[in-house]
Amino acid sequence: MSLRQFEYALAVAEEGSVTAAAELLRVAQPSVSQQIRGLERELGVTLFTRTPSGLVPTMVGRAFLRDAEVAVSAARRARATARAGADELVGELAVAAQMGLGTRQLPGALSALRRRFPRLEITVFEEPNPAELERLARGGVLDLALMAGRCEEGLYDGHRLGDEEFVVVLAAGHPRLAADRVELRDLEREPWVRFDHHSALDGVLRDVLRDNELTPTTVARVSQTATAVRWAAHGLGVTLVPASAVPHGHEHLARPVSPVVSQPVFAAVRPGAGPAETALLDLLRQETWHKSVFYSPVSPVSSASPVS
């Protein structure tokens, strides 16, 4: 088996056809077909089955592809490390963040990393479900991940960056905006904009509501923090998000809460990290992680206006 065969099989799984995989890889279609057939002969199994919607991995194929993805990711990292010079780094870097964490800090760190290594290709995505984030880490797909807890021992190296404080977002003109900090018990009768059931953010809110003996009405569930903030700003309900996830222009509608709600933020870095991961970790450490001072003095409530 060769790494090229692994890459071809992953491309077919991603695109759903040999033709589309060949276009993605910029090779001739017969070459892809030949490599897949050779791989299946060597393994003695069928990796793909043809359906009306295209080629779909078999059960054995799915298991094989998980390991193939790990092997291809490891090979790409090895190439990037080997080609890294004193002033230049090329290759790919896969970064993930638990949704809501590092919303302000990660872009600045990544921009600085790109200025330092302009040929480095960076893929970043948010993942609301911590179990899925850990699955990706376990599969070796990620080079670095931001999460609210340590990975399983030995899986990744955890580096605590600081804490992320949560804030409540209120509608323009809400009477609680007159306070520097909002008592959670004062939100007893408020409707809430919440997050998907299996997301880490909704898990935080669920614990906060339980610990403070609140039984709120849920008026909406959303999948993005920016959406929750915008809907709360327009009066649909209140929401609770990490302070760094409050978009620019909405800061005047956000207040810290009492009792304080916060999470530790860890950078999970794969063992034997290369120069790209090490540089990004250093840049993330330079960011501000506790955002209480993020809020300027409260302006008069009458001057607040909705932000869309």
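**Entry 1**
I looked up D186 first. D186 is partly exposed, with a relative accessible area of 33% (buried is under 20%, exposed over 50%, partly exposed in between, using a 1.4 Å probe and protein chains only). I note that the model is predicted, so local features need pLDDT of at least 70, side-chain atom pairs need 80 or more, and totals for chains, interfaces and linings use all residues. Residues are numbered from 1 along each chain as its sequence is written, and side-chain values use heavy atoms, without hydrogens or water.

Which side chain does D186 meet in a salt bridge? It is R176, at 3.6 Å from N to O (a salt bridge puts a Lys or Arg side-chain nitrogen within 4 Å of an Asp or Glu carboxyl oxygen). This pair links distant parts of the chain, ten residues apart. D186 lies in the loop between β7 and β8 (191-195), and R176 in the loop between β6 and β7. R176 is partly exposed too, at 34%.

**Entry 1: R181 and E165**
Next I checked R181. Its side chain meets that of E165 in a salt bridge, 3.3 Å from N to O. Here, too, distant parts of the chain are linked, 16 residues apart. R181 is in the loop between β6 (157-169) and β7 (182-183), while E165 is in strand β6. Is E165 buried or exposed? E165 is buried, with a relative accessible area of 2%. R181 is partly exposed, at 33%.

**Entry 2: D282 and R285**
I then moved to helix α9, residues 275-285 (helices are DSSP runs of H or I, at least four residues; strands are runs of E, at least two; both are numbered from the N terminus). D282 and R285 form a salt bridge at 3.9 Å, N to O. They are three residues apart in α9, so about one helical turn separates them. D282 is partly exposed at 36%, and R285 is partly exposed at 44%.

I also found a network: salt bridges with shared partners join R194, D202, R206 and R221. I count eleven salt bridges in the structure.

α4 gives six residues to the lining of the largest pocket, its largest share. α4 also gives the most to the lining of the second largest pocket, again six residues. Residues lining that second pocket include L10, R62, E69, R135 and V141. Besides α4, helix α6 (130-138) gives two or more residues there.

(A pocket is an open set of points on a 1 Å grid over the protein atoms alone, where a 1.4 Å probe fits, with protein on both sides within 12 Å along at least five of seven lines; lining residues have an atom within 4 Å of a point.)

Last, I looked up W231. It sits in helix α8, residues 225-233, and is partly exposed at 38%.
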